[in-house]
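Let's go through a structure together, one feature at a time.

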Amino acid sequence: MTRADDPTRPLADALAALEHVVFAADFGLQTRERERLRTFRDRVGEEAANHRARLADLDAPLLVVLGGVTGAGKSTVTNTLVGERVVAAGVIRPTTSVPTLIAHPDDVAQFRSDRVLGGLARVEADADAALDGEVLRVLAHPGVPVGVAMVDAPDIDSVSDHNRLLADLLLDAADLWVWFTSVTKYADEDSMRYLTRAAERDTALAIVLTQVRDADREPVVADLREKLAAAGLGQADLHVVAYAEVADDRLPAVEVAPLRALIERLADPEVRRQRRVQTLRGAVAVLPAAAEELAEGIEAELDLVRRLSAAATAANEEALREVDHVLDQGLPLRDAVLDRWNGFVGTSGLLRLAEGAGGRARTWISTVLGGTTDNREKRLEREVRLEVSQTLERLIVESADVAASQTVDAWSREPAGRALVGGRSELRRASPEVLGRAGRLVRDWQDHVTSLVETQGAERRTTARWLSTLINAAATGAIVVALAHTGGLTGAEAGLATAAGATNQALLVKLFGEQNLRTLVRAARVDLRTRITDLLGEERHRFIGLLADAAPDPDLPDRLREAASAVASAEVPS
């Protein structure tokens, strides 16, 4: 049979794709569900890998996992089935912390590779060796029939989280569960939860009730049968092991003879394949639901990412509203600087020239082009611009500080956000580079206002080559008006203000006309706000970058669902 003709190929390919996308789910945000989802992700990914291993050789030795509750005697029965003490057993619980896989010498090589249970390192050691970690002890022994491998698994109700997780991993990989419970624990919630899970997955299953005294046998077995029926396991293969003395960590062989017979029957190739396919179909059938749980977990993360991102945006918007409020109230420029500027405008002849120009920029230009300017104008113009620059820079840096602090406060209300910003006190302030960026922002904005002044006039289509000092004087006047408190000449709509000085306003109105001045000042304010918005947005990227490093791929839920759908559509061959 060629690879193209292999009936297992569609399902194997679908499982490989699902495994790949499952392990792409990092769950990088430290949510309350993070560890549970990571553990569940690993289980689902390992299951997909183990199912592919089953498909690759449906006739390979059957993996029989002996699992169940603490103190039910799994290790003792394992030794009894093999006919020799191969695993440690005793009164100290839990006895089994490192699982032991026992296979016939003819089969054991297949389990020394990572074909199944690839996440566990292989070790070979005697029964009493001190072992720990993610390992699987592999043992060859002729007491196990060819075609079957038995695994003595940790307890599902162990006090050790590691042991419980390892037990789950082994049960997920099993072709058949031999489930151990005792007279005192068969009705425990843990036992019934796992048995219900076996029913839902149609897992090939045998149940072993241990430590049963003759007087208890009939009522206990009847009660257990009733509970199994309620769980959908009324026809389960039930084995009862009577209470007996233990010697050398073994029971008398007769006590486990029916269970030994079951293990030997499983070695038959036809029975082996039947049980493998049964468990495989049930296990594959639940993978889409598992993938959906992971997809929903990722979507919860994405929703959290959106909330944290929105919190950073809200902090920026609040900072911008404060900037708007300050600008609407009037930038707190020093009165002495403004008084000198307004005095210069009124006494320099500029206003008189503008009045003579009749409000038409072209006429005014032709009038003043031949004029002269002195260093006093240049010094005053530079002084005003410097005052504006320094005051605006302080406002911008303070706004960035406020936005950063509010973002940290908002994120700290979520465990994931708190983990991202915790221990990073520098995030409560603007970045060290923000002052330099604010300075460049203001200078570029002032140059932009100068450009607006160059092209603004009674006839805005006309652009003239003004003398730079006169252009700068008009631009500086426009800057002062744009940053003064609302009121005066144009009202709230345009942002002109009487605080900018009557002569300064009068000059600008004469130069540009009232409507054109409104347009110019509005454009200057909009441009300044846009630049500040961009700067705060760059500061916001410090937080968004942290978020992006931990956030999942937005396409991952859809990819998971698509991969799971492909698995559901593929058939398990008989």
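What follows is a dialogue on the fold, the sheet, the charged pairs and a few backbone angles.

Q: Before we start, what kind of model is this, and how are residues numbered?

A: It's a predicted model, where local features need pLDDT of at least 70, side-chain atom pairs count only at pLDDT 80 or more, and totals for chains, interfaces and linings use all residues. Residues are numbered from 1 along each chain as its sequence is written, and side-chain values use heavy atoms, with hydrogens and water left out.

Q: OK, how many helices and strands are there in the protein chain?

A: Helices (H or I, at least four residues) and strands (E, at least two) are DSSP runs, numbered from the N terminus. Here the protein chain has 19 helices and eight strands.

Q: What share of the residues counts as buried?

A: Buried means under 20% relative accessible area, exposed means over 50%, and partly exposed is in between (1.4 Å probe, protein chains only). By that cut-off, 52% of the 574 residues in the protein chain are buried. As for contacts (heavy atoms within 4.5 Å), take those between residues at least 6 apart in sequence: 78% of them join residues at least 24 apart.

Q: Now the sheet. In what order do the strands sit?

A: Strands of a sheet pair through backbone hydrogen bonds, either parallel or antiparallel. Two strands count as paired if DSSP finds at least two bridges between them. In this structure eight strands make an open sheet, ordered E3-E4-E2-E5-E1-E6-E7-E8, with mixed pairing. Strand E3 (121-123) and strand E8 (237-242) are the edges: each has a single partner strand, so one side of each lacks a neighbour in the sheet. On average, neighbouring strands are turned by 25° against each other, direction ignored.

Q: Which residues face each other across the strand pairs?

A: Start at E3, which pairs with strand E4 (residues 135-140) in the parallel sense over three bridges; Val123 has Arg137 in E4 as its bridge partner. E4 also pairs with E2, again parallel, over four bridges, and there Leu101 stands opposite Val138. E2 and E5 run antiparallel and are joined by four bridges, with Ala149 in E5 as the bridge partner of Ala103.

Q: Which residues cover the two faces of strand E2?

A: In strand E2 (residues 100-103), Thr100 and Ile102 lie on one side, Leu101 and Ala103 on the other, and all are buried.

Q: Which strands does helix H8 lie across?

A: For angles like these, axes are lines fitted to C-alpha atoms, for helices over the stretch in contact, and the angles run from 0 to 180 degrees between N-to-C directions. Helix H8 (residues 257-266) lies across strand E1 (62-68), E5, strand E6 (176-182), E7 and E8, at about 140° to E8.

Q: On to charges: how many salt bridges does the structure hold?

A: A salt bridge is a side-chain nitrogen of Lys or Arg within 4 Å of a carboxyl oxygen of Asp or Glu. The structure holds 35 of them. In one, the side chains of Arg54 and Asp175 meet at 2.5 Å, N to O. Arg54 is in helix H2 (residues 34-56) and Asp175 in the loop between helix H5 (161-173) and E6, so the pair ties together parts 121 residues apart in sequence. Both residues, Arg54 and Asp175, are buried.

Q: What links Arg43, Glu47, Asp168, Asp172, Arg197 and Arg201?

A: A network of salt bridges links these six: Arg43, Glu47, Asp168, Asp172, Arg197 and Arg201.

Q: What about Asp152: which side chain of opposite charge is nearest?

A: For charge, Lys and Arg count as positive and Asp and Glu as negative; His and the chain ends are not counted. Asp152, found in strand E5 (residues 148-152), is buried yet has no salt bridge, and the nearest side chain of opposite charge is Lys74, 5.4 Å away.

Q: Last one: what is the phi of Asp202?

A: Most residues other than glycine have a negative phi. Asp202 has a positive value, near 55°, and is found in the loop between helix H6 (189-200) and E7. Its relative accessibility is 44%, so Asp202 counts as partly exposed. Asp248, in the loop between E8 and H8, also has a positive phi near 55°.
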